[in-house]
Amino acid sequence: MALKQNNFIHTALASDQRIDGRNPFEYRKVTIKFGKEDGSSEVQLGQTHVMGFVTSQLVQPYRDRPNEGSLSIFTEFSPMADPSFEPGRLGESAKELGRIIDRGLRESRAVDIESLCILAGKLVWAIRVDLHIIDNGGNLVDAANVAALAALLTFRRPECTLGGEDGQEVIVHSPEVKEPLPLIIHHLPIAVTFAFFNSEHTMVVDPTHEEEAVMGGRMTITANANGDICAIQKAGGEGVMQSDIMRCLRLASRNAESLTKKIKDAVEAYSIERALRKIKRHSTSATVGQVL
């Protein structure tokens with residue numbers, strides 16, 4: 001980054017301002033959209049653009065966890081999103097992104113993985129979340145985390161029943177036969193990222209790509225709307241004072257509450273639209289049947 005722009009960012013921060021006009025603890029605008037298929041989301045956080053897709057597959061469970069399904073996070077960085085991203089190669093930033101989101105979701109037991117068990121010791125659902133980075137405008141972690149949660153909340157897996165003579169035959173029903181089932185999600189772990197700068201312990205929430213280029217360190221706090229701290233990730237750099245950490249914890253809880261509401265409102269609107277599409281589809285089918 002040019003020295004002039006570097007100095008400009010630091011000068012603005014010294015006056016509690018940022019080059020995009022926000023105050024230090026203000027989030028950029030978050031936009032959440034959904035695809036036509038259940039389990040797909042599109043999130044924009046300022047100039048940062050991430051898409052999330054959830055899929056499922058019946059697999060054998062781990063031997064030490066015969067009654068539990070699994071949840072896995074995968075990230076894909078488009079070279080068009082940032083010149084530093086290399087096609088076909090998972091860089092350290094991609095690995096770190098996946099680890100942070102994975103830790104927040106799995107260690108907080110947000111998704112009920114026991115409910116993914118179909119036949120203990122034999123068949124469970126493996127849930128996979130693919131996160132595609134379309135444009136890197138800074139703070140990929142928070143945007144990707146929202147995309148993952150939004151996709152998980154709208155995902156539906158096929159319903160299964162047991163049949164056969166011994167009751168051990170798994171029957172996977174199509175959506176036309178039985179309505180697919182949503183995942184059981186106990187709470188939403190929201191990732192809130194802070195950037196730290198050298199000058200007098202200056203810090204901001206939701207750093208832009210330009211701010212990340214000059215920051216001295218970064219910390220992501222994953223919290224839910226109840227105020228529970230699910231995970232903390234400090235990504236190297238300079239040390240952080242205890243008073244600053246406590247301030248970040250308070251701010252993270254506040255942001256988690258507002259982001260949770262935004263995600264739930266978007267999912268509710270999608271669910272209403274989904275129900276209306278289903279009603280329209282059934283009405284059309286009934287009309288065609290009468291004509292025939």
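Strand E2 (residues 40-45) runs antiparallel to E3, and 6 bridges join the two. Strands here are DSSP runs of at least two residues (E), helices are DSSP runs of at least four (H or I), and both are numbered from the N terminus. Two strands count as paired if DSSP finds at least two bridges between them. Across this pairing, Val 43 stands opposite Val 50 in E3. The hairpin of E2 and E3 has 2 residues between the strands, and Gly 46 takes a positive phi near 65° there.

E3 also has a partner in strand E6 (residues 123-135): the two run antiparallel, with 11 bridges joining them. In this pairing, Met 51 sits opposite His 132 in E6.

A word on the model: it is predicted, so local features need pLDDT of at least 70 and side-chain atom pairs count only at pLDDT 80 or more, while totals for chains, interfaces and linings use all residues. Residues are numbered from 1 along each chain as its sequence is written, and side-chain values use heavy atoms, with hydrogens and water left out.

## Around Thr 48

Thr 48 belongs to strand E3 (residues 48-59). Buried or exposed? Thr 48 is buried, at a relative accessible area of 0%. The cut-offs are under 20% relative accessible area for buried, over 50% for exposed, and partly exposed in between (1.4 Å probe, protein chains only).

What does the side chain of Thr 48 meet? A polar atom of that side chain lies 3.0 Å from the backbone nitrogen of Gly 137, and the backbone oxygen of Gly 138 is 2.5 Å from a polar atom of the Thr 48 side chain. Leaving out residues up to four places away in sequence, Thr 48 touches several others (contact means heavy atoms within 4.5 Å), among them Arg 28, Val 43, Asp 135, Asn 139 and Ala 143.

Most residues other than glycine have a negative phi. Where is Arg 109? You'll find Arg 109 in the loop between helix H2 (92-106) and strand E5 (117-119). Arg 109 is partly exposed, with a relative accessible area of 42%.

Asp 206 also has a positive phi, near 55°, and is not a glycine. Look for Asp 206 in the loop between strand E12 (203-205) and helix H4 (209-214). Asp 206 is buried, with 0% relative accessible area.

How values were computed
A polar contact is a pair of N or O atoms within 3.5 Å; within protein, one must be able to donate a hydrogen and the other to accept it, and residues adjacent in sequence count only if both atoms are side-chain atoms.
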